[in-house]
Amino acid sequence: MAESGEWNGQDSTWPGRSQCSDTRKLASSPTSPMHRRISSDRVTTSSISQADDILGLSHPSHVLSDSQQWLPIMGAVRPVDSSMPTGAASWSEGGDLGSVSFTTSPNMTSASASQYHLTPESIQKSPDPSSQDVRPKPAPMHFEDVPMGYYSPPGSSQSTFSPRGRFQHSRTDSRSNLLGTPTTTAWRSPRTPPPYSIMMPPAREWWHWRPAWFMYLSFVFGVACAIGHHIFYKTLAGKPADAQLAMLRYGTVLSYAAKAGLVAAVVLAFRQRIWSTVRSKFLSVAALDSLFAAAEDMSAMLNLEVYRRAKTAMLLAAFVWLTPIIIILTGNTLTVEPALRVDNTTCPGIRTLNFSQEEFEEWRTPTKINGLFGLSVSYWNTTSTDTSSLDWFDYYTGASNPLTRITTQAAFVRQPVSKIGANLDICGSGWNCTYTINFTAPAYKCSELASGVGSEIEPLGDQEPPQGFSTKLLVPEGNYSYYAYTGGGDYSTQQMKETAEGGIPTMDPPFPKTLGAFRTEPVIWIGYSVRSNGDEPAPLNKSMPGWNESFIPKVIGCEHYEADYTVLFNLTGGQQVLNVTELRFQRRVVDTTWIQGEDANDGTNDNTTAYPKSNYVYPRDVHRYRRVAAFHSIGLQLRNFLNGTTDSHQLNNPIVNTKADQTIVLDPRREYFAYPNLLDLIPSLYEDMVFSLFSNQQFLSIVWAAKPDQISGTEPGDESTKYPCVRSRLENVYNYHERDLWIVYSLAILLAAAGVVSGTFAILENEGVPRSTRFSSIVAATRGPALEKLRWVGEDTGNVPRDVKSIKVGYGVQRASGLGVIQEEGTRDPERVVWEGGDLRYGFGLEGDVQQLRSQARSEGSLFRQT
């Protein structure tokens with residue numbers, strides 16, 4: 001069926017339709033003051049869809065420019081000539097599309113007619129052209145933007161996809177083709193229903209992805225990174241500061257990730273708060289500029305209006321700008337500080353003392369370790385060169401030279417002599433160490449026996465003081481400030497009057513029974529005077545006043561014991577410091593009492609007599625004898641240093657006749673008077689001599705602490721000689737300030753959580769639909785003619801005029817009055833609601849042009865609604 005009507009015999013123009021699917025919805029309004037010309041001076045016709053041919057509708061091939069005039073709305077034209085030929089449609093006076101006449105084509109079947117719902121009332125014969133009146137001016141035509149991807153060719157029936165995801169059945173009749181609308185705009189009359197209806201998609205299950213979840217996942221991610229940051233620093237705390245830059249960088253990455261997660265959550269909440277604000281309040285264009293840019297443009301924070309109108313949103317934006325401080329503050333919670341590292345471990349080079357090795361040493365076949373001979377503390381004589389003789393035995397002759405050298409050095413340096421490199425051998429390079437060892441060695445036990453002028457000297461156990469020894473020898477009564485007698489009953493190095501080389505007696509056997517026997521161990525008797533006036537100058541001699549009151553005479557006695565030592569060795573910085581933590585006296589070295597004035601007359605050159613004689617230590621008791629000989633040799637070194645006197649009758653010119661002035665016993669700053677704590681100094685000096693044996697590892701008594709029965713020699717230790725020790729050193733370690741880190745993260749997480757809660761409420765206020773500030777969202781919110789009445793371009797085309805920026809704008813419902821559209825039942829479009837009088841759309845508009853339905857949005861919202 002062909003359309004029989006024409007306008008002035010001229011062809012109407014049909015602009016070609018675009019084939020791309022445009023998802024934007026461009027709003028055209030009947031009241032829009034702007035109109036776009038869509039026809040050129042002469043436009044050739046485009047081919048019509050095949051459906052028109054089936055209906056038998058014919059269209060003008062072209063329309064001349066001078067035969068057209070602009071209609072009140074965009075894209076509508078009509079002929080200027082009032083004369084109308086026999087046409088297919090006529091306009092009624094009411095401005096509406098009146099009765100339309102169609103002539104059926106011979107090819108038009110009844111089936112085709114029923115398919116397009118053509119009724120006899122709508123299909124009439126075309127009137128005679130000569131009798132047709134001039135057609136009145138039509139009413140303004142109403143357009144609704146329809147993306148061409150959703151547009152069906154005229155007269156066709158096909159499935160189209162609506163933006164809400166539901167396929168709709170759409171059809172466009174031939175009447176719409178009469179208007180020649182632009183390719184991007186479809187129009188409809190007030191009574192024409194929308195080209196497609198919006199249907200809500202079926203509800204998804206709760207576990208399906210929701211856009212709102214990204215805000216919560218970002219928050220959880222930020223909290224997880226903060227916890228990970230804490231755990232990472234916790235594992236580094238106290239450990240050596242190795243790879244410092246790498247560790248600090250890893251911590252910074254975790255801090256940045258925590259900050260990024262929290263900021264991402266707050267930024268998403270900020271965007272929701274933006275839309276919640278503009279839906280409920282009108283703001284100036286300048287304030288809207290600042291509000292939308294607050295999270296990314298610092299200058300946007302300077303607008304005061306936005307603080308008054310959008311306090312919550314601006315607080316969220318302020319949080320975004322302040323979060324970089326998280327990285328700065330948390331980065332300082334891991335520092336590198338020097339700390340004392342202490343390891344309870346084992347050390348391979350620790351040695352101890354075991355004088356049992358002296359008992360088994362045979363000086364004729366000396367022990368040799370690492371190419372060096374083992375050293376004994378004693379020298380020996382013998383009674384025969386024939387070791388198989390029944391009268392053969394070895395006997396003590398004196399202390400060895402290595403012992404004398406070591407003890408003399410200890411006395412001079414006034415501290416134990418340490419081996420050079422002991423720190424490296426025992427502790428290891430760069431380490432200090434401490435360890436405790438136990439051993440049995442000789443010790444002197446001292447007691448005070450008299451104090452004060454004229455005091456009597458008490459006996460030391462069963463031992464009486466030496467004859468003639470009293471406090472009267474000491475100043476102020478006597479001339480001596482120091483008087484030591486250490487050789488009473490001492491062993492005689494010349495045991496026989498006549499001996500051959502090696503101490504072999506020249507007499508024939510049998511030899512005296514007491515030859516070489518240790519009869520007693522000498523007691524150390526020391527008398528000394530201390531000054532009673534402290535640091536005040538004392539009288540120089542007895543003739544000066546105050547002499548008798550200036551000095552206090554004292555007497556002490558010391559016995560030689562075998563004792564059990566517990567000693568703490570501290571090797572720090574190459575220095576050795578020893579501390580006797582426990583000393584238990586076991587027995588006297590020789591448990592006898594010297595009898596003064598009684599000669600032995602036993603055939604030896606030693607006339608010492610002591611009781612009980614059964615406690616004498618004889619050479620044929622080899623093991624015990626050699627042990628006692630070792631203790632006697634060491635004690636002899638101390639006694640040799642202490643023996644002697646200091647004459648102080650003329651205080652400014654003392655006469656020293658003792659080697660004690662080379663030790664810690666006498667004070668050279670006080671005219672060589674003895675130190676007041678002499679009672680403690682004597683045992684201490686002796687301990688220094690004993691401990692100095694460790695400085696020469698060739699001594700037979702130096703053994704491994706882990707293997708007390710094995711002589712160590714000078715060999716370094718190995719795995720088999722490791723002994724418990726505590727190693728320590730100052731080293732740079734990581735120090736984690738846990739409290740400071742959690743103060744920063746707690747505040748950040750708390751504020752971010754508040755922001756997320758605010759964003760959640762904003763989503764509920766925004767109909768439960770998470771919104772963004774992307775380009776497409778802005779375009780969707782600003783479509784339509786609501787803002788076209790503003791003069792957006794000023795003299796400076798790069799900026800919006802100031803008067804426009806001061807205009808209040810809000811987001812709400814735009815009312816297209818007069819449309820009278822009824823929304824289909826069972827459909828629901830968040831961006832289109834039906835109100836009495838017209839079709840309502842959401843978008844930005846001027847105050848008064850839009851209505852903000854905040855309460856309705858809240859009631860209809862759902863947090864997990866899909867868009």
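Figure 1. With a relative accessibility of 8%, Arg-626 counts as buried, a word used here for residues under 20% relative accessible area, while exposed is over 50% and partly exposed lies in between (1.4 Å probe, protein chains only). The model is a predicted one, in which local features need pLDDT of at least 70 and side-chain atom pairs count only at pLDDT 80 or more, whereas totals for chains, interfaces and linings use all residues. Residues are numbered from 1 along each chain as its sequence is written, and side-chain values use heavy atoms, with hydrogens and water left out. Arg-626 forms a salt bridge with Glu-362, and the closest N and O atoms of the pair are 3.8 Å apart; a salt bridge here is a side-chain nitrogen of Lys or Arg within 4 Å of a carboxyl oxygen of Asp or Glu. This pair links distant parts of the chain, since Arg-626 is in helix α12 and Glu-362 is in the loop between α9 (356-360) and β12 (368-369), 264 residues apart. Helices (H or I, at least four residues) and strands (E, at least two) are DSSP runs, numbered from the N terminus. Glu-362, at 24% relative accessibility, counts as partly exposed.

**Figure 2. Salt bridges around Arg-588.** Glu-559 forms a salt bridge with Arg-588, with the closest N and O atoms 3.0 Å apart. Glu-559 lies in strand β19 (residues 551-572) and Arg-588 in strand β20 (residues 575-588), so the pair ties together parts that are 29 residues apart in sequence. Glu-559 counts as buried, at 9% relative accessibility. Arg-588 also forms a salt bridge with Asp-591, where the closest N and O atoms are 2.6 Å apart, and Asp-591 is partly exposed, with a relative accessible area of 39%. The structure holds 25 salt bridges, and elsewhere in the chain Arg-341, Asp-343, Arg-729 and Glu-731 are linked in a network of them.

**Figure 3. The largest nonpolar core and the contacts of Ile-682.** A nonpolar core is a set of buried Ala, Val, Leu, Ile, Met, Phe, Trp, Tyr and Cys residues joined through side-chain atoms within 4.5 Å. The largest one has 80 residues, of which Tyr-482, Ile-526 and Ile-682 touch the most other members. Helix α12 (residues 622-642) gives the largest share of this core, ten residues. A second, separate core of 61 residues includes Val-263, Val-267, Met-301 and Tyr-842. Contact means heavy atoms within 4.5 Å, and if neighbours within four places in sequence are left aside, Ile-682 is in contact with residues including Ile-526, Leu-638, Leu-642 and Val-665.

**Figure 4. Tyr-686 in helix α13.** Tyr-686 has its place in helix α13 (residues 678-691) and is buried, with a relative accessible area of 0%. Although Tyr-686 and Ala-443 are 243 residues apart along the chain, their C-alpha atoms are separated by 7.0 Å. Leaving aside neighbours within four places in sequence, the contacts of Tyr-686 include Pro-442, Tyr-444, His-560, Phe-631 and Gly-635.

**Figure 5. Helix α3 and its cover.** At 1.5 Å a residue, the 24 residues of helix α3 (residues 213-236) should span 34 Å, and the end C-alpha atoms are 34 Å apart, which agrees; the expected span is 1.5 Å times one less than the number of residues. Among the buried residues of α3 are Met-215, Phe-219, Gly-222, Ala-226, His-229 and Tyr-233. An α-helix has 3.6 residues a turn, so residues three or four places apart point the same way. What covers the buried residues of α3 includes α4 (244-280), α8 (324-331), β10 (334-347), β28 (723-736) and α14 (738-765). Gly-238, whose phi is positive, near 85°, follows α3.

Figure 6. His-230 lies in helix α3 and is buried, with a relative accessible area of 15%. A polar contact of 3.2 Å joins the side chains of His-230 and Trp-742; such a contact is a pair of N or O atoms within 3.5 Å, where within protein one must be able to donate a hydrogen and the other to accept it, and residues adjacent in sequence count only if both atoms are side-chain atoms. Ser-255, found in helix α4, is buried, with a relative accessible area of 1%. Ser-255 and Gly-331 are 76 residues apart in sequence and 7.7 Å apart in space, C-alpha to C-alpha.
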